[in-house]
Amino acid sequence: MNRQERERQFAQARIYPVITPAFCAGRDPLQVAAELTAAGARVLQLRAKPTSDREFLILALRFREITARSDCLLIIDDRPDIALLSQADGVHVGQDDLPVHAVRRLLPDGLVGVSCHDADEISAAQAEDISYLNIGPVFSTQTKQNPMPPLGVQRLAELAQPVRVPFSVMGGIKEDHIPELRNAGARILAMVTQLTQAPSPGAVFARLYEAMNPDK
């Protein structure tokens, strides 16, 4: 799959599961990934920190096997080296991670996403060779050690206006937030615990996907 095909598939994803082993309710994250891809997930992100480099690579390789069987994109959080070695489809970086131009040297044909929290970061990201950006946190979240203050839906709508690339939104998003997020311009929801801690991740994914496609 080339870069254009990857970017097209990402833009159509609607629900973007982010899997962190620590937030899988004690289950094997590979089981969660398998259930989500079986339910129709077209993109998954693996966020595996804190863990050793060796363990991260082993897990990424197993995720690649699962996603490849279902034509699902695999994005690795923070680590372009792990993405390259596991033959993932891309990498997602934060403001303190490697810069986009350096990541592109390793992944010229891959997806490169960037986390953004304000207008300046969005502007800077769009000046780079990115595939997509993520805006957040929209709501309060406990999935990061040092979460930033939540933006709120109104500020999200303002920040989304000048965005010219596909973008996801993240941070404390639950099913009942979907109508207001859609009204604010969100079309791709990056979600963690709503999916990974659900008794049936696949069933929840299917329901969320339908909610994001009301005119389907």
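1. Which residues does R64 touch, not counting residues up to four places away in sequence? They are C72, L74, S86, Q87, A88 and D89, where a touch, or contact, is heavy atoms within 4.5 Å. R64 sits in helix 3 and is buried, with a relative accessible area of 13%. For burial, the cut-offs are under 20% relative accessible area for buried, over 50% for exposed, and partly exposed in between, using a 1.4 Å probe and protein chains only. Helices (H or I, at least four residues) and strands (E, at least two) are DSSP runs numbered from the N terminus.

2. Some ground rules before going on. This is a predicted model, in which local features need pLDDT of at least 70 and side-chain atom pairs count only at pLDDT 80 or more, while totals for chains, interfaces and linings use all residues. Residues are numbered from 1 along each chain as its sequence is written, and side-chain values use heavy atoms, with hydrogens and water left out.

3. Q87 is in the loop between helix 4 (80–86) and strand 4 (90–93), and counts as exposed because its relative accessible area is 62%. A25 also has a positive phi without being glycine, near 55 degrees; A25 belongs to the loop between strand 1 (15–19) and helix 2 (29–38).

4. Back to helix 3, this time at A60. A60 is buried, at a relative accessible area of 0%. Leaving out residues up to four places away in sequence, A60 touches L46, L74, I76, I82 and S86. R47 is 13 residues from A60 along the chain, and their C-alpha atoms are separated by 9.5 Å.

5. R47 comes up again with T20: the T20 side chain reaches the backbone oxygen of R47 at 3.4 Å. For the record, a polar contact is a pair of N or O atoms within 3.5 Å; within protein, one must be able to donate a hydrogen and the other to accept it, and residues adjacent in sequence count only if both atoms are side-chain atoms. T20 is in the loop between strand 1 and helix 2, and counts as buried because its relative accessibility is 3%.

6. Now the core. A nonpolar core here is a set of buried Ala, Val, Leu, Ile, Met, Phe, Trp, Tyr and Cys residues joined through side-chain atoms within 4.5 Å. The largest one has 57 residues, and L46, I76, L133, I135, V169, L181 and L189 touch the most other members. Helix 3 supplies the largest share of this core, five residues. A second, separate core holds 13 residues, including I75, Y132, M170 and A190.

7. Where does L189 make its contacts, not counting residues up to four places away in sequence? L189 touches R14, I15, Y16, V169, I173, I178, L181 and M212. R14 also pairs up with N213: the two are 199 residues apart in sequence, yet 8.0 Å apart in space, C-alpha to C-alpha.

8. N213 lies in the segment after helix 10 (201–211) and is buried, with a relative accessible area of 15%. A polar atom of the N213 side chain lies 2.8 Å from the backbone oxygen of Y209. Within helix 10 itself is A206, which counts as partly exposed because its relative accessibility is 35%.

9. Two cis peptide bonds to check. One runs from K49 to P50, with omega near 0 degrees, and P50 is in the loop between strand 2 (43–46) and helix 3 (53–69). Another joins G136 and P137, with omega about 0 degrees; P137 is in the loop between strand 6 (132–135) and helix 7 (153–160).
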